[in-house]
Amino acid sequence: MKPHPLWPALLCAALVQLPLQAAPNADQAGASPQTAVAHQAGDGVIRLYGPGGPDTALKRAAAAFQQETGIKVEVTAGPESSWRDRALQDADLFFAGAEQSMSAYLERYPFLDKQSAHAYYLRRSVIAVQKGNPTGIRGIEDLINRPLKVVVTEGLGSYNTSGTGLWEDVAGRKGSLADVQKLRRNIVAFEQGSGASFRAFTGQQADAWITWVHWPLNHQDKADFVEIEPERRIYRDLVIAKAAGADASTQRFLDFIDSPRGEPLFAQDGWTR
């Protein structure tokens, strides 16, 4: 049967009516956040956004600063997807627990001032163990050479976390490929973010979790920790960047946490200079 002479025109008209394909979700790896909403900070409240972990010391500092100055400071922490939309609208500061994490924020959020990114404190890596250290872990050598169940934190290519690559840095610190291979065989969970790692460590009753010192310090009811051998120990920093148009008092808060008055508030969580 010959095609009807009007079919091409009818087909074109139908195609015009088809809906456009939805844009990729911003949570996908490599996607950019929606930036249609205008970023408007400077509302009289200093608002910080970043990951869980560094937030406990920042909240302590925020409370002390607010008591001293009367200026309100709000610290919002957790997975980036939980606060991204709010941060796009009103963030004054972004904080991260590692330079690679801050670099990702600076790339992803164009309203952040790249020149303002500054490291304020360092904290060390440790081995979180179950209360009482029932398996008698003494250091990374045990995690490499004994049949233990180890949890590690990873970004898995799509999640911004300070824990990305930490276990590999620790295991490979002495330049031994065998150490990395053996530790990998003991890993029972690669978790996205420290919060998920903590839940896996406690929920699975794993023997060890390679993490940052503030996690066991802030969860002493559920975990103890063992120091990592000095020759394998890794340090990463607390780095903060300022948003364009940030509240005028934002720099006062940054100066406060960088001062001798701020140091003890961070030292409680194991942060050092």
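The side chain of Glu-154 reaches the backbone nitrogen of Gly-165, with 3.3 Å between them. Keep in mind that this is a predicted model. Glu-154 sits in strand β5, and Glu-154 counts as buried because its relative accessible area is 13%, under the 20% cut-off.

What does Glu-154 touch once its neighbours within four places in sequence are left aside? The list runs Thr-161, Thr-164, Gly-165, Trp-167, Phe-190, Glu-191, Gln-192 and Gly-193. Thr-164 is ten residues from Glu-154 along the chain, yet their C-alpha atoms are separated by 4.3 Å.

Now for the strand itself. Five of the five residues in β5 are buried. One side carries Val-150, Val-152 and Glu-154, the other Val-151 and Thr-153, and both faces are covered. As for its partners, β5 runs parallel to β6, with five bridges between the two, and Thr-153 stands opposite Glu-191 of β6. β5 is also parallel to β7, joined to it by two bridges; here Val-151 stands opposite Trp-209.

Next up is helix α7, residues 177–186, whose buried residues are Asp-179, Val-180, Leu-183 and Asn-186. Viewed down the helix axis, these fall within an arc of 125 degrees, so they line one face of α7. The face turned away from that buried side carries Leu-177 and Arg-185, both exposed. And what do the buried residues of α7 pack against? They meet α5 (140–145), β5 (150–154), α6 (166–171), β6 (187–192) and β7 (208–212).

Leu-143 gives a view from the α5 side, as it belongs to that helix. Leu-143 is buried, with a relative accessible area of 0%. Beyond residues up to four places away in sequence, Leu-143 touches Ile-127, Ile-137, Leu-148, Val-150, Leu-183, Asn-186, Ala-208 and Ile-210. Leu-143 and Ala-208 are 65 residues apart in sequence, but their C-alpha atoms are 7.9 Å apart in space.

Here are the two C-alpha pairs side by side.

| Pair | Separation in sequence | C-alpha to C-alpha |
|---|---|---|
| Glu-154 and Thr-164 | ten residues | 4.3 Å |
| Leu-143 and Ala-208 | 65 residues | 7.9 Å |

In soluble globular proteins, nonpolar side chains tend to be buried together. In this model, the largest nonpolar core has 23 residues, and the members touching the most others are Leu-48, Leu-58, Ile-240, Phe-253, Ile-257 and Phe-266. The elements that supply two or more residues to this core are β1 (46–50), α2 (55–69), β2 (73–77), β3 (93–96), β4 (118–130), β9 (235–242), α10 (250–257) and α11 (263–267). Which element gives the largest share? That would be α2, with five residues.

Take Ile-257 as an example: leaving out residues up to four places away in sequence, Ile-257 touches Leu-58, Ala-61, Tyr-120, Tyr-121, Ile-240, Gly-262, Glu-263, Phe-266 and Arg-273. There is also a second, separate core of 22 residues, and its members include Val-180, Leu-183, Ala-208 and Ile-234.

Definitions and conventions
Residues numbered from 1 in each chain as written. Predicted model: local features only at pLDDT ≥ 70, side-chain atom pairs only at ≥ 80, totals over all residues. Heavy atoms only, no water. Core = buried A, V, L, I, M, F, W, Y, C linked by side-chain atoms within 4.5 Å. Buried < 20%, exposed > 50% of the residue type's maximum accessible area, 1.4 Å probe, protein only. Helix = DSSP H or I, 4+ residues; strand = E, 2+ residues; numbered from the N terminus. Contact = heavy atoms within 4.5 Å. Arc of directions from axis to C-beta. Pairing = 2+ DSSP bridges. Polar contact = N/O pair within 3.5 Å; in protein donor to acceptor, adjacent residues only side chain to side chain.
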